[in-house]
Amino acid sequence: MIFSLVYYLNAIVRWCTDRRRSHMYLREIGKTLKKSSVLFQQVKHIGEATESLTVIQQLSPFLKNVLDSRFSAPLVQDVHLHLVSIHPAVTVNLKDWHLYRDVSKEDIQSFPHDILTILLEAGITHLTSPVDNLEETVKEDCVQIHDYGRTLAWKAGMPCSILMSCTPSNLLNMGLAVTNGKLRFQELTVESILSINIEGCGSNLILPPAVKDNLKRYSIGSENSIDDQDSCCCHSNEALASPCASENHSDEDLLLDSDSEMAAGDVKYEKMEADEAKVDLEFQRPANAAVKPPNILVYCGKKDSKRKFESFKTMLEKCLSSDCYAVYQLQHNQISTAPWMDNTILLVIACERLYDDIDHVIFSYFEKGGKLMSLASNIDSLFLDKELVRRSADLVNVSCHHWSNVPMMAGRYIYSNALKSSNFNCTVLASESSSQNSLIVKLESPADLDQGVAVLSQVYFDSDHCSKPSEDFYEILCHLLSTHLELECSSQDVPQLTPAKLFTKTKVVEKQLLDSLASRLKDGTLKSSEVSLTFVRNLEVLNSAASAVNLPVVISDDTYHPRYFNAKKYWDNLHSAVLGNAIFFVEVVPTTMPLLNQMLISVPKTVGMIAIAGRQTSGKGRGGNQWLSPVGCAMFTLHVQLDRSSLLGSNPVFLQHIVTVSVVRSVRTLPGYEELDLRVKWPNDLYYGKKTKLGGVVVNSSIATQSIDAIIGCGFNVENSKPTFCINDLIHEYNMENGKHLAPLNKDQLIGRTVTIIEELIDRFNTKGHEDFQLLYYQYWLHRGAKVRLECENNLEVDINGLDENGFLQVKTAEGHLISVQPDGNTFDFMKNLIAIKTN
């Protein structure tokens, strides 16, 4: 009895002590947050005594910069808690962050004054207890962050970063759990919590271009691994892959003073009271809005000067990150007919005069939220008045941002302050250094409308007007593109092309391949008008480097291990009889499409050739489009030989449909991955849902007397978040929304699975015919019940019915008539401007 009484008295004393300590902590935190940030960190104790020193977990680069660059001091004297005040308060820009689907711009703007925003960093759980006790340890001792607040956004990497909102008391509860190593974000251990202010706005579902592509995704525990994946499922992209990596920004470059403009980086510090801070949220498209493809269009006038386009394209490509954008010329006859508006992230007007009322089409693009850059064009007159100040273009000294007196060619006009509409917000970006006349202005439509942005310039940014651009010239152009048009810019060298490495499933396959080519080799080289292949035993005997017209192929050098190819992953997932059993892997190549052409007539049917690239510098898509091919993208060219007497050989159009379905099934037939929303878009695209393109297929074929040789080019985003979205981003999002723990996938794993399924579906098609395949195809396509318009029938609206017996798209009119259709040849959207196939 006495023992029980003493026990309860001690419990009451401990409760009162803890409560008093908590009130003290909350009081100190409340006072600190008015001017500063607070930081909780995980610690471990040395020795058994409570007075022992604490060792802080290794700091992330972000926190290291925070602590190194700002004043910090312990907030409380307590060996049980590592709590630090940091002055001034830390502000994080959300432009590189990924909002959770249920979080909107309005949610971020409407936090009550007593709700805090915090940044948590979480890493892989390191337990000292046996692995067998992992589940019990997590369940009994640890708590999850979602019990204490609302998750707002995340940023991939290691450590993984999460933004949350919570109350001060819950911040303290999480801080105490962090200090003891008991706070979890799913299976990851939260190692630090930092209170922050936020600015800007993240993106829903789709990672913005500025997210660096050298992020690593980790799988936790063997139960999450697929095909015995490594703990790090993404290769480190390093300098080859990441345009950001070549910018040579130190981590300190990302820390800016309050009087510096936020032109780059992730974090800024503000010297202001917390309640005085203003959050300037950028316009955010709704989660269900279509994601614009990374296309930049340049309009050069009615004469469509190819030289003028190439001149400006060269300037752009020296500024823009090469893995993020494709630059095309917009022809005059396309402006009013082709569906380019929904597929363009920036339109550049690089001519002075506009004809045929196209200025109103361009203005409509701006009003619908488009981004526009005008170079001394008449389109400017729709926005504001101009004043003629010189008879012809002339060299003037220009001041822009922190650049001053930069000699640049300027047009005949300057901009006045007379706006054509009071709805526009106008900002002067550059002016003549002497007269202060406005030369470059930025106009924005109101935030409550689709927020179009136009940068109007009387300064020329092409080689015709500037034959030897200075470094300041490029820096100003990059500043306009990145800061005001929100494109990703980085100066980077074109990656050096590399030799190929031959991998074969067996030595027999290697011998069959080389023997079939032996009689055609001259000094070890298979000549071709496209790309010649020079076969060598090892790298030491190479006489020339890889080039666009000659590719060395290493066939026996076991010391050459490509950085961006995991052969074991590929072979473990390849279960075909023939397809893909001979690999030509190239780290960096212009495109894999021509590599196999010269070997088609020689190789036996028992050799299934495939060319795989780590990175392509000139990837090709359908209709001559560019396919951006950074590291992490699955890119391959596969040779398939069809017997003309077979069912598929007599109807080869279905081959492209077989390949797209195979890519989808390579993911969705994995256990646990069946519900991922990967779809097929006719005729040959891979989509996430209905909005986001993840990949595509191109098929070229040559017909002989008895066979068809098909060269299949396929590319789909697996580990690369740029330029739009990838399969691993989709997996992460699915895990967050459904409480799942699916592991990220590997590109070589999926290439092996895709090739296996292609062979299976070809055999199935040849056995059961197109009706059986169509039933499978319809399980994954996204057009069920959709409506399209027929250009050749006065834009008649029709319902999509399915594929016809030849693999073309079939539509149904209101009267019930079935019509087979095909694209009109536009390179922007194959589902628009459809034309009927003529029949006899």
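About 40 Å³ of space lies in the second largest cavity of this predicted model. A cavity here is a set of points, on a 1 Å grid over the protein atoms alone, where a 1.4 Å probe fits but cannot get out, and its volume is the space filled by probe spheres set on the points, which are joined across faces, edges and corners. The structure holds 3 cavities of 30 Å³ or more.

What lines the second largest cavity? Lining residues have an atom within 4 Å of a point, and here they include Thr660, Asp685, Val697, Cys714 and Phe716. At least two residues each come from α12 (654–668), β36 (685–688), β37 (692–703) and β38 (707–717), and β37 gives the largest share, 3 residues. Helices (H or I, at least four residues) and strands (E, at least two) are DSSP runs, numbered from the N terminus. By type, the lining has 5 nonpolar, 4 polar and 1 charged residue; Ala, Val, Leu, Ile, Met, Phe, Trp, Tyr, Cys and Pro count as nonpolar, Asp, Glu, Lys and Arg as charged, and the others, Gly among them, as polar.

Phe716 leads us on to the largest nonpolar core, which has 71 residues. Phe716 and Ile727 have the most contacts inside this core. Domain 3 (500–779) and domain 4 (786–837) both contribute residues, so the core lies between them; the domain bounds come from an automatic or database assignment. A nonpolar core is a set of buried Ala, Val, Leu, Ile, Met, Phe, Trp, Tyr and Cys residues joined through side-chain atoms within 4.5 Å. A second, separate core of 50 residues includes Tyr25, Leu116, Trp154 and Cys201.

Now visit Val453, in strand β27 (residues 453–457). Is Val453 buried or exposed? Val453 counts as buried because its relative accessibility is 9%, and buried means under 20% relative accessible area, exposed over 50%, partly exposed in between (1.4 Å probe, protein chains only). Leaving aside neighbours within four places in sequence, its contacts (heavy atoms within 4.5 Å) include Phe366, Lys442, His484 and Leu485. Val453 and Leu485 are 32 residues apart in sequence, with their C-alpha atoms 7.2 Å apart in space.

Finally, the whole chain: there are 15 helices and 43 strands, and 54% of the 840 residues count as buried.

Residues are numbered from 1 along each chain as its sequence is written, and side-chain values use heavy atoms, leaving out hydrogens and water. Since this is a predicted model, local features need pLDDT of at least 70 and side-chain atom pairs count only at pLDDT 80 or more, while totals for chains, interfaces and linings use all residues.

Methods:
1 Å grid on protein atoms, 1.4 Å probe; cavity = no way out; pocket = protein on both sides within 12 Å on 5 of 7 lines; lining within 4 Å.
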